[in-house]
Amino acid sequence: MFKEVGKASFPGLEQAVIEFWKEHDIFRKSLHKEAPQGNYVFYEGPPTANGQPGVHHVISRAFKDLFPRYKTMQGYRVGRKGGWDTHGLPVELEIEKKLGFSGKKDIEDFGIAEFNKLAKESAFEYIQEWNDMTERIGFWLDLDKPYITYENSYIESCWWVMKSLWDRDLLFEYYKVTMHCPRCNTSLADHEVSLGFEDDVDDPSVWPKFPAYKDKLVQLGLLDAADTRKVYVLAWTTTPWTLAANTALAVKAEASYSLLEAPAAYGQEVERHLYIMATELADSVFGEGQYQILKTVKGAALIGLSYEPILQGRAPAGEDLTKGFRIIADDFVSLDDGTGVVHIAPAYGDLEVGKQYDLPTLFSVDLAGEVYPEVMAPDSRETRGPYTGQFFKKADEAIAQDLMDRGLLYRETRVKHAYPFCWRCGTPLLYYAKSSWYIRTTAVKNKLLTNNQKINWYPEHIKNGRFGKWLENNVDWALSRERYWGAPLPIWVSEDGQEQLCVGSVSELEELTGRDLSKLELHRPYVDEISFVKDGKTFKRLPYTVDVWFESGSMPYAQWHYPFEHKAELKHNFPADFICEALDQTRGWFYSLHALATLLTDSGDAATKRPAGALNDISQDSSAFKNVICLGLIVDEKSEKMSKSKGNVVDPWTVLDNQGADALRWYLYSSSPPESSKRFSQNLVEETLRDFFMTLWNSYSFFVLYANLDKPDLSKDVPVAERPEIDRWLVAKVHALTRDVSNCLDNYDPTGASRAIRDFVVDELSNWYVRRNRRRFWKSESDSDKLAAYSTLYEALVTLSKLMAPMAPFVSEHLYQNLVRQLDSTAPESVHLAAWPQYEEVLIDEDLLRDMNALIRIVELGRGARAASKVKTRQPLPEVLVRVRNEAELQGLKHLENQLLEELNVKAVRYLDVTADFVDYTVKPNLPLVGKRLGKLIPELKRRLAELDGKEITRNIREGKDTVIELLGEAHSFEPEAFLIDAKSPEGYAALEERGYLAALNTQLSPELIREGLARDVIRLVQNARKNAGLEVSDTINLGLEAGGELKAALDVFGETIQTEVLAKQLSFTGLTSADYQEEGEVEGQMLRISLSKAA
RNA sequence: GGGCGAUUAGCUCAGUUGGUUAGAGCGCGUCGCUGAUAACGACGAGGUCGGUGGUUCAAAUCCACCAUCGCCCA
């Protein structure tokens, strides 16, 4: 019938299931099975396979797998194209490390072609490990035809995206400040910068004096028109070399600034100058009493004040210098140190400010950190400045000295502060504005925000929190990178720099060049070599690659090589219904997907004449995804971040090999909500295994064990209505569970779903239903009651296998194969091809559920009372007194009386009326009900209730009458529901009482009951003897029992019961002559000799 | 420095719109039960609900500030 169920070995079982799936091509079949509900779209966020997969990858894959499986069972088609991110800096760094390189120069000397070849190879260095892990944890993903970001087709789609943005004037060139190492001549990525920060770096600290034009000062009434003295705006900087790049000074609008008179230079006692600076900082600059304040205004008043540059810089061609050298006001200005006037040099760090206030950009040093010849005093007549070619740090000193000599420095000293150095060569880094390409995301900022409102974020707070805030502060997306291994930026520029052209496809490039480029690899350096002549000018490609986030964000289109191929696919697979990645993707993949989708589906803007996006015909103003789960990060048992350097990384394989993938997945789903950081250790997974999987396994193996003995005809369905109450209860629970799990999963709540299943399996199925009903399965008569029990348990297990399938795909497959496919070869071949269970509301019998709840409460209390009475459960007791909270529960409990008698091993139940006089009561106010009404009178009511006789109120309640209580001289009327009653334990009973429930045991024993208790002990000893004799559960025996005194008397009375319980065909009260097995035991101090042999 | 989140028993976590005695599982101790169970049941120890202040008849829950941790940004 069913395959025998042995001891659980989940890792072994899982391997077998993997083989089964492979052999029968189940995943493929799940992709092609009928899908009446249509498509459910999942996007795989591509990982990089250039390193070992770790636990954090297992997590995201476990969550990614769940919903596609669920939706497949619900009748959706869920394509799951795998994808690999192959480009980018991490890959390059890995190669550099292998080759012992330290920067771009090494790469270029080595050769970009060769370098990229190595990068390409390394992109899949660990592909086998990734595929193994993916298969082992049961992540179903189409890995046969994945999208790969380095493939020409993928890159060509990226080009198409860029071209479509270019056509709408959404790609543009501007400066970008990067951390630049002048020695390595390369920009450093953020993480590289943070590697080389040093505290306590000794640097100059200078107070430059910018001569102000007086007209505005006069206008403001700060200065008399007749006053001929010069006025200086006093600033402060630690980088004198950037003074030649100064184009503005910034103040704080709401702070006070003063015109004051102070020494012309530090330590100077004779000559005095006029300065403008923040009032409150004058003390710290000049010293108390060393200056006189003449006038004070708000910073805002100074806006627009012009001043003279004190050092000339190099202006790029066409730069409009008339826009510079003025005072601006912004909130970033701090009054913590300096003068409250901030020197702004857009090229060397203040680019955003420069852009915001439309300032010109000047340069003082080149990319090697050497000072340009243009840097000199503005009135100098030289052709080359005195610092030409000097390293910027070295030039600092000379510049400061010259300014001092020219009277344009108040003071020069040294300061220690933090400054970044190149982690490779130790050279001080430059903030340097380089030319860069941007996507004008700010043009669609409002749409980014409104489209975000359409996304369901899990957890919800990300929507208007982290992600929403990020969108509100949106700046244009810096697209270009000066790197090697990445999709090339398809922009060609004419020799004279006057014309630029974006290429959107290979065929377009073929047209321009007149060459067959079908064999061209769309990577550097091959693409760099492609040039063409147009209108008499030669065009060359700008040697940039693009941000890898642009590539992965283009994945909805590029995975299909859109629009060059599979045009229809995009229509049916955009946007995604579901994506899922770790929280750190907020500004990574989540953003790039969202931004590109918003740009491409943009319906345009009439006011700014922005045309509609290229995908506006497929979708209008849409994000790329509808539902997204953000996963927390993985930490170790001590809540510390896992990292190789700490050595606390848990290898997923340890857990996979010992506890198995299902246990690991289940732990991840159920331990905490997806967004919480997950503590992770083998112990915690082991706990999940024991608590949940072992319990499930035991119920399952119990069923199979007895079903194989009894061979019930499970095709004969006992109508639910005809089954005993306990069965109908379990049926109701199963349907309620189906409803709850479906609801949870519909709301992307795997934690709720898995916890509901766990509670059902452990508390309801195993520890209540199976335990309570064991005997129904042993009984040998094949009556309808037994069949009802088998059907009920069978249906529960089968439904469970389906409900668990999305989360624990292996064990559910195993259950399904043995329970369903063994019986019915026409059933779907795999649980993952089966339909998701439907629940029937009518079968969720709420009354029955409530009654059983009351029973369970009473049983719990009864067991407690038992323990307190010190009378063991084997000893039957004459009576239990029971009180429940209301009439409905009382009636319900009466239905379930047999359960109560058996469970507590008592002979009779006496139901106490809800307000029986037998016990005393305490009456409490029902606070949620009367609290709001009474307000401050609550303490008084509590006090009065303690004084009053509970009996009177309970009588009113029983009769449905209101109770009138006087509170602080005013009569208040209370309806029956306004009170809660607790019964006190009656005297002379072993009783427990809690929240309206009471169970009290009568512990008086009659000789008859004592004998019955003894008989139960005998049964237990015989059962042990059977076990010791090595008999099977179903074996029948011949039994001899020898005893004397009271024990013999018990045997006489209960012999037949004993015989039935232990499956004895014959029972004699003398020793068996030819016993297979003998043993002696003791019951309540009396000897019992057991001899038994297996019956024929 | 800014934003977002977290903090409840030794550990992992629940705790509805504020409302009766803050719960569960694991672990620990005692006792009990056992022919499905590597189980199960009862009881016990273990909690200043991160801290301080506030609102309220009533705060783990609402507000303010602070602390610690995490992520992101500067």
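1. A polar atom of the Glu156 side chain lies 2.8 Å from the backbone nitrogen of Val506. The model is predicted, and this distance is computed from its atoms.

2. Glu156 sits in helix H8, which spans residues 152-167. Is Glu156 buried or exposed? Glu156 is buried, yet it has no salt bridge. Lys163 is the nearest side chain of opposite charge, and it is 11 Å away. A salt bridge needs a side-chain nitrogen of Lys or Arg within 4 Å of a carboxyl oxygen.

3. What does Glu156 touch, leaving aside neighbours within four places in sequence? Its contacts include the run Gly504, Ser505, Val506 and Ser507. Leu522, His561 and Phe564 are also in contact with Glu156.

4. Three strands form an open sheet in the order S15-S24-S23, with parallel pairing. S15 (456-458) and S23 (576-582) each have a single partner strand, so one side of each lacks a neighbour in the sheet. On average, neighbouring strands here are turned by 15 degrees against each other, direction ignored.

5. How many bridges join S23 to S24? Six bridges do, and the two strands run parallel. S24 covers residues 625-631. One pair to inspect is Glu581 with its bridge partner in S24, Cys630.

6. Helix H3 (residues 55-73) packs on this sheet. H3 touches S23 and S24. The direction of H3 makes about 165 degrees with that of S23.

Terms used: Residues are numbered from 1 along each chain as its sequence is written. Chains are lettered from A and ligands numbered from 1 in the order in which they are written. This is a predicted model: local features need pLDDT of at least 70, side-chain atom pairs count only at pLDDT 80 or more; totals for chains, interfaces and linings use all residues. Side-chain values use heavy atoms; hydrogens and water are left out. Two strands pair if DSSP finds at least two bridges between them. Helices (H or I, at least four residues) and strands (E, at least two) are DSSP runs, numbered from the N terminus. Axes are lines fitted to C-alpha atoms, for helices over the stretch in contact, and angles run from 0 to 180 degrees between N-to-C directions. Contact means heavy atoms within 4.5 Å. Buried means under 20% relative accessible area, exposed over 50%, partly exposed in between (1.4 Å probe, protein chains only). Lys and Arg count as positive and Asp and Glu as negative; His and the chain ends are not counted. A polar contact is a pair of N or O atoms within 3.5 Å; within protein, one must be able to donate a hydrogen and the other to accept it, and residues adjacent in sequence count only if both atoms are side-chain atoms.
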